[in-house]
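Please view the sequence and the structure together.

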Amino acid sequence: MSRDLVVLAPNGRRVKVHCTADTSILQVLEDVCAKQGFQPTDYDLKHHKTILDLTTTIRFCNLPNKATLELVETERKRVETDVTIGLMLDDGERKMGDFSPSTTLYDMVFTLAPEKLESLDLPSILYMRQEVIGVDALKEKTIRHLGLITGRAILRLLNKTEATQANVSRVYRRPQTEEPQRNTASSVNKQEPLQNKESSFPGPSGIQKKNKTTAFDPVQAIKQEQHKNETISKAQNVSDNIEDEISDQKMEVDTEEINIPATSTAHSNKKEIESQFSQENLERRLKIEEEVVFLGAQKAIAFLPPEGLEDELQDLPDDFYDLTIEEVRKIYHDLQQQRQQLENMPLMTSTQKGEIERQSSEQRQNSYKNAVVRIQFPDHMILQGIFAPSAKIEDVKNFVKEHLHNPEKPFVIFTTPLKEPLDPSMTLLESKFVPCVLMHFKWTDENSGRPYLKEDIYLKKTSSDAASILASKYRAPTRKVKDETPNESRRTSDAQSSSMKSKVPKWFKKLNYKVITKINKMASLHQNLASANFHSSRLKGKVAIVTASSEGIGFSIAKRLGNEGASVVISSRKAENVKKATESLRNEGINVEGIVCHVSNAEHRKLLFETAKSKFGGFDILVSNAAVNPSVSPILETEEDIWDKIFDVNVKSAWLLAKEAYPELIKQGGGNIVFVASIAAYQPMEPLGAYSVSKTTLLGLTKAIATEVVHDNIRVNCVAPGIVATKFAAAITTSEAGKDKSLSIVPMKRFGKPDEIASAVAFLASDDASYMTGETLVVAGGAYAHL
């Protein structure tokens, strides 16, 4: 009952762990952390959305073989303390004591009940559903091996009469008599009669096997059919060998008579065999639909992947992903070309970008008439169907439901890596699943299991190679040739010739369809990043702190800095918002830490800086974005406590953040401070009087600090956003009257977007603005901005 688990570590490594049935989840966690250099007390193991219980063993954890787990940070750090053990004896007496988790079970029992231990023939400890039998096993196992590192637990001390597990019996097998070795053909012919003998069945001697009506077992049916196919293939191989020997003898005679050199004969025979083989493949491809067994609509078939295919991917060594110098040079050359294309790309409006995306979708739809959809089930059976690119995910779910053993059960289908739930309303083309996609099936109920598909499907499965030929036939692009100009055709031929000359890297070899699916998803992700029109690495190696960054402009700033290569520390006043924003940024591949911080609280600010130092070793960029406006009123009608609160957060806290960050930035050898002000600093808005004055103060604060720290290689700048449609500005952007009045001062006649402000902050924080300090960059759609 041993299983192989794959654990995804935070550093991107995949760790394969081989477990026995009695291995605890805690042992798996500690082994992975020891290999990757993490602290086990800081992490949990997560399967799908469930945090696994560390005291559970593999036998009872309901994990499938080769399940993928994720190493995630624990919400509350585990503290290892002495465990209070209550040892229950067979007479009902209970012995109590405190023990270290590293104490062996034998030492624990000997300490609490030494006389009882000596009187037992075969002592055993029972905890939950775990059983440790025998003195040797008790000396090897520790309390930690039971998953106990703190708290209390009740253990039972029993005397086992036999050192065997309950409800497990030995199966008697008839000893095989050795027979003299005979030729292959005769052994194959005698194989079937031997299988028909009743005495060859495993079981007690003298008892014949009775015919019983048993429930249908799909796994057993598949194994029987595989055994049958192997027997037939062996017989065919034997007959082929005999025919080959006869033909070889004939060829020798013919060669001697005709007097043709052996080398030329072999060469011509090789060519004939290759041409015959290619001809057979072509004929098989044309008649493949007669070979496969269709299950219903959408040309549905079911098949099992070839054995060893998944192991080939799972067992890859660590150096599989290492690149040679030539491969790195090639990748660098490609990146340089992409960079030049991005730099030469003209600025486009959102409408133009949408039009380009629409044309790309139309081109893909015209290129492929069909999309091959494969759904893999936990028992490794794969259901394949052919769909139109315009089909929706909902159509695929209905297709799966038609073939389920229990179609009423709720289920989900998803893609990997980074398990993504699929939107039923999206088409395959919109989801970028054309021309092919591999999905995975899962019951919504965690406790549900086999059977998955209907019983007859397991008996009507197609061979994996026939399924691959059928898929390649239907996912092939259409052979429409568009009218091309001579220049276009010349460019196409040049590109093809250059691609033929390029050497394929060795790490592209031995890839199966799962890896190809992942590469396609990575390529589409890279295409999306390229269309964003920004330098994806100009902040690489930098660490940024962004206050008030769980939503709105602050969140967009954190996201933009992270996308450009920086590690980010985000903060907000509400823990729930911080957690949600952190998960969202991590899902996009950004290295981020989140912390609760009220900028007017000195302890919170200290913890904010300490987090950046402990997690990333310091910080290089500080973005002061926090601001409040608790009252909408004219300036002379503002209450004193409201005035104090606005200036306490908007001005004083910004000054304190810069003051406390200053010595840390000096340790880093320099850095950047960016204040976020407002267009209201230049044009005070009537209902935002106190807020407008506080933002005007930030302009002066920027120039004053910039002058003092310029010799320490620290630049200080400010961004003045216009009216941006966020939750913070809802008071003047949601109502019709406020909207009309606000847009009257904006020549572009629209509200700004958070991403447009984030791009300005990223520019000031990068080396592209290395000659700017003490400046305020206005991003306000052309609004008047002069004091």
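## Basis

The model is predicted: local features need pLDDT of at least 70, side-chain atom pairs count only at pLDDT 80 or more, and totals for chains, interfaces and linings use all residues. Residues are numbered from 1 along each chain as its sequence is written, and side-chain values use heavy atoms, with hydrogens and water left out.

## Aromatic pairs

Rings of Phe, Tyr and Trp (its six-membered ring) pair if their centres lie within 6.5 Å; planes under 30 degrees apart count as stacked, over 60 as edge-to-face and the rest as tilted. By this rule there are eleven aromatic pairs. One of them joins Phe377 and Phe441, with ring centres 4.6 Å apart and planes at 35°, so the pair is tilted. Phe377 lies in the loop between strand E12 (371-376) and strand E13 (382-387), and Phe441 in strand E16 (residues 436-443), so the pair ties together parts 64 residues apart in sequence. Strands (E, at least two residues) and helices (H or I, at least four) are DSSP runs, numbered from the N terminus.

Trp443 and Tyr452 have ring centres 6.2 Å apart and planes at 15°, so this pair is stacked. Phe377, Phe411, Phe441, Trp443 and Tyr452 form one aromatic cluster. Phe377 is buried at 2% relative accessibility and Trp443 at 4%, where buried means under 20% relative accessible area, exposed over 50% and partly exposed in between (1.4 Å probe, protein chains only).

## Exposed lysine

Lys574 sits in the loop between strand E18 (567-572) and helix H19 (575-587). With a relative accessible area of 55%, Lys574 is exposed.
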